[in-house]
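Student: Could you take me through one part of this model up close? I'd like the cut-offs along the way, please.

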Amino acid sequence: MTDEPLEAFDLDDVRREGLLPTPGADVAAHDGTGRVELSFTVQDADPARTVQRQVRVPPGVTVFDSASWNGIAIDSTCGGHGTCHKCKVRVNTVVEEGAQRLSRTPSPITRHDAKTFTRDQLDDGWRLACLVTATRNLSVDVPPLTTRPKAATVGVGRQVILRPAIQKRYVELDEPHLADQRTDLARLLAAIDDLEPVADLHLLRRLPAVLRAADFKVTAVIVDEALIDVEPGDTTGAQYAIAFDLGTTTVVATLLDVGTGTPMAVASMLNKQQPYGGDVITRISAVMMDPETLGRLQQAASDTLAELAEQVCREAEVDPAQVYEVAIAGNATMTALVLGIDPEPLGVAPFIMSSAQPPTVLATDLGLTLHPRARVAMFPALGAYVGGDIVAGMLATGMDRDKRTRLFIDVGTNCEIVVSDGDRILSTAAPAGPAFEGGAIRCGMRAADGAIETVRLGDPDNPVELGVIGDVEPRGLCGSGLVDVVAELVKVGLLDASGRFIPEEAAAELTPALADRLTMIGQERVFVLHRPTPDAALEDCVVLSQRDVRELQFAKAAISTGWTLLLEELGLEHRDVQQVLLAGSFGSYLSAASAVRIGLVPQLPVLRIVAAGNVAGEGAKMALLSVRERAGAQALLEEVTYVELSDRPDFNDRFVDQLSF
């Protein structure tokens, strides 16, 4: 760790990132490890629609961001800076007393809270959600939305002024007569005096019947410059769109009310392309071996999107026919496959895309049952392995707007890295392999119930403390748990700098409480994390093997080599980095302290390392909420320089240098 003084930071900014306690708090600054649980009670004007949601987030994330990541709408217009005083929630600490869970002890009071609430409200736990950091388990009451905000906050504190491509205009037209024989279309366009839309064939086929059945009182539906439909009556209150994060492993859909910027429902599922391989190279290889596989992969992607679209519409009780636009953020291979484009050139040198800017298509072309003329906007890509999902992430995090030196890392099978010094932006991709998603790990599994997600070692009273998703018996080890356990083993000294388990004799002397967990399965040394029963066979235990450690070393070395070379390209050192953004589902739940300890990120204070959340999905939302932001995504193609690592003559030597812990 560096010895940089804390005074170098703006403390209010740091608190907003959830990395320091507010003055008067009865908890210490967190160390970037573990999880906290937030129990949201989302109230509605109709009591029957009040729902409860439980989410788990890394300690230090704000209540506002925790809600945003999980599709829970909280009023806000200031971008999470505590100045609009709209994100009012009632927050109390959850404590355990025996089998009971009790809510009490309100969170610390900030100066913004004191300006917003009465003394009685403060005593009752009312706070501004953007200024409450989740350093302990909390219960959160979210009141019904009382405003129709003209700005929506997404990503890590980015504010978006609502200017969606979807526009609706309700008009009451004069009926035609012999003295007024204007065409139906001319009559409609004349009434829409602030836009100049162009009608398509679908509209012309519907227009005569709809006008007359509705007594010429209709709502025109415009997307960009296209007049795509006319609906009977006033339907201006129904303007919906769906943002997709089309991941190689997981696909996430968010249904948005673009009139308010409010997320209506969020759903996720495994990509149905999984049977064809867990990574893009395997899927590309499947197409190369059998060209007919391309059609099957396209159908699998379409089925995934269609199922999620149907699910979010059903949950929000929204008519799918009132969803008029879709945005998809995916890597270059996923984008090619969903469009039915041969991905083979992406998988072999020199790694060429068919186009950096995918065309706008109709939702029906992708098998989505939404409005018949709903449009699908795809994010552009910077390269074969820095695709539209990363462009969406850069948009959401404002990489082109912030003057600080920032490092953006989307950790996955293929790890994308972006570095900005405030003037120049460089990007690259590093082949991290499947270790972070539980692949190639002896007891590895995805982040599902039973997966060990956090590990702490060395407490005299509890030598091995495990955090398990779902609070059930451990079944395996997911990516964040893998990083945690290796970092903890390095910390207590059971792993040396080269990544080898130390000899049994040294372990018994150094950490007697843990030494008996070092054993052998066949010819391989392992560390036992969990025994189902005291006499359970090793094959039935959850263990970390020496080979698992090597897999993690190779993955972290590829990533750290990537950001090291980008920093050098800009003439920077690791200490110059002012903020590290860990993006993606895995990055959001990765322990900052563990990431620093193993060298996955620069050796910086954890104050500078921020869980950015699903920024690809957030960027997709921004593209639907604002045409200006959509144009900003296009502009990134000109502003970002892609650096190819595979042709660097020094890459292998630098990779070897980064293997040690």
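Tutor: Happy to! Arg547 lies in helix H15, residues 546-569 (helices, H or I of at least four residues, and strands, E of at least two, are DSSP runs numbered from the N terminus). The model is predicted, so local features need pLDDT of at least 70 and side-chain atom pairs count only at pLDDT 80 or more, while totals for chains, interfaces and linings use all residues. Residues are numbered from 1 along each chain as its sequence is written, and side-chain values use heavy atoms, leaving out hydrogens and water.

Arg547 is exposed, with a relative accessible area of 56% (exposed means over 50%, buried under 20%, partly exposed in between, with a 1.4 Å probe and protein chains only). Arg547 and Gly499 are 48 residues apart in sequence, yet 9.9 Å apart in space, C-alpha to C-alpha.

Elsewhere, six strands form an open sheet of mixed pairing, ordered S15-S14-S13-S16-S18-S17 (two strands pair if DSSP finds at least two bridges between them). Strand S15 (262-270) and strand S17 (361-362) stand at the edges with a single partner strand each, so one side of each has no neighbour in the sheet. S15 pairs with strand S14 (residues 250-257) in the antiparallel sense over eight bridges, and Thr250 stands opposite Leu270 in S15.

Turning to a helix pair, Val280, Arg283 and Ile284 in H7 meet Thr333, Met334 and Leu337 in H9 (contact means heavy atoms within 4.5 Å).
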